[in-house]
Amino acid sequence: MTDPLLRVVDLKTYYRTSAGLVRAVDGVSFEVYKDETFCVVGESGCGKSTLALSIIRLVPYPGEIVGGKIIYRGTDLLKLPESEMRKIRGKEIAMIFQNPMNSLNPVFTIGFQIAEPPVIHFNMDGRSAWRRAVELIGKVRMPDPEVRARNYPHVLSGGMRQRSMIAMMISCEPKLLLADEPTTSVDVTVQAQLLNLLMNIKRERRMSMVLITHNFGLVAEVCNRVAVMYAGKIVELGPVREVFRNPVHPYTRGLMKCLPIGTKRKEQLYVIPGQPPNLIEPPPGCRFHPRCPHAMEKCKKEEPPLTEVEPNHYVACYLRR
Ligand SMILES: Nc1ncnc2c1ncn2[C@@H]1O[C@H](COP(=O)(O)OP(=O)(O)O)[C@@H](O)[C@H]1O
Ligand code: SF4
Ligand SMILES: [Mg+2]
C-alpha cells in the first residue's frame, strides 16, 4: 500500500473536569489513505467527536491532547505552532460538524462565508472569490445560487445550511474531509440526499474522508474501512466487507444485531443491554466486559490488545485467540 495521508498514533485526548479526568480518546491508532472513506462508528459518548476535533486541534476547553501523534503527509500536526496549524485547517483538512450553526456565522451572508476562505488561504481577489462561491452554491445543489449567496444562515432550512457548510468546507479544495455526523441534524427525508451529495463531491474532488456516525447501517453503504469505537478505544478495525461478513468483537456483533435489515417490521429491534461506561472510571480490563455475554475472568483484569485476526482486520478481544 502507498503511504497513508493521515496516520493517528496512540492518540489520547482527555477532558479535565471537576468530576475527574474524562478519557474520551484513549490510545487510538489508525490510518487514512488517499481517496478512501474511513468510517468511525460507535454509540454516543464513545469519543468520536473528540477524535475528529483532535485531528484538527480544535478540542475545546477543558479538553487536551495528552499523548500520541497525528501525522498528516509526513508532518506531526501536534508539533506545529498554531499559526502553521491555521494554514492546514480548511486548506488541507476541513471539518463538517453535526450542527451547521456551529460553523456558519449568523452575521454574514453564506456567499461571503464561502468566498472568504480562498481569499485568506490563496489571496484570491474578492470578486473572483464571490463568483466561485456562487458556483459552489450551485455545486451543492442549492436552487438560485445568485439569490442564495445573499442569504443569511437563519433564513435557510437545516438541509440548506448543511449544504452551505459543505460548500464552505470544499472552497479551498481540502485533501481530507472530517465529517462528524453530517446528516444527523437534518430531517430523515433529506439525510440520504445530503449523504449522496457529500459522497459525490468527495469522489469528484478525489478527497479522502473520515466519516463519523453512530449509524452502523450507513457504514456499509459508503465506507471502505471502518473502525468501531467503544469507550474511547477502537475495538475492531478492518475493510467494511470483512467486518460485516465476519464481525468478531461482541460489541460489533451487537451493533450488527441492532440493524433493521432482515427484521420484520413489527419485531422489536435488538438493543445491546447495559449502559456505555463512564469515561472517568472506565471498567478495568476490557471496557466492554460488564456488557459482554462472553466475558471471562481474564477480561476483567487485562486489557485485550488490538490484534490482526485476518489480513488487515484487527480486533481487541480475547475470544478467538
Ligand atoms: N467539553 C467537554 N467537557 C467535558 N467532557 C466532555 C466534553 N466534550 C465531550 N466530553 C466527554 O467526552 C466523552 C466523549 O464525547 P464525544 O467525543 O462527544 O463522543 P461522541 O462524539 O462519540 O458522542 C463523553 O464522555 C463526553 O461526556
Ligand atoms: S475481551 Fe472479553 S469482555 Fe471483552 S469483548 Fe472480548 S470476550 Fe467480551
Ligand atoms: Mg459526537
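Reply: Strand β11 (residues 307-310) and strand β12 (residues 313-315) run antiparallel, joined by three bridges. Strands here are DSSP runs (E, at least two residues), and helices are DSSP runs too (H or I, at least four residues), both numbered from the N terminus. Two strands pair if DSSP finds at least two bridges between them. This is a predicted model: local features need pLDDT of at least 70, side-chain atom pairs count only at pLDDT 80 or more, and totals for chains, interfaces and linings use all residues. Residues are numbered from 1 along each chain as its sequence is written, while chains are lettered from A and ligands numbered from 1 in the order in which they are written.

Glutamate 308 stands opposite tyrosine 314 in β12. Two residues lie between β11 and β12, and the two strands form a hairpin. In the turn, asparagine 312 has a positive phi of about 65°.

Now the sheet around this hairpin. Eight strands make up an open sheet, in the order β6-β7-β8-β3-β9-β10-β12-β11. Its pairing is mixed. β6 (93-96) and β11 stand at the edges with a single partner strand each, so one side of each has no neighbour in the sheet. From one strand to the next, the twist averages 20°. Angles run from 0 to 180 degrees between N-to-C directions, and axes are lines fitted to C-alpha atoms, for helices over the stretch in contact.

Further along the order, strand β9 (residues 225-230) and strand β10 (residues 233-239) pair in the antiparallel sense over six bridges. Alanine 227 has leucine 237 in β10 as its bridge partner. Helix α1 (residues 48-55) packs on this sheet. The helix touches β3 (37-41), β6, β7 (176-180), β8 (208-213) and β9. Contact means that the C-beta atoms of two residues, placed from the backbone, lie within 7 Å. The direction of α1 makes about 155° with that of β7.

There is also an open sheet of four strands, in the order β2-β1-β4-β5, with antiparallel pairing. β2 (20-32) and β5 (75-76) stand at its edges, each with a single partner strand, so one side of each is left without a neighbour in the sheet. α1 packs on this sheet as well, touching β1 (6-17), β2 and β4. Here its direction makes about 65° with that of β2. Strand β4 (residues 63-72) and β5 run antiparallel, joined by two bridges. Isoleucine 71 has aspartate 76 in β5 as its bridge partner.
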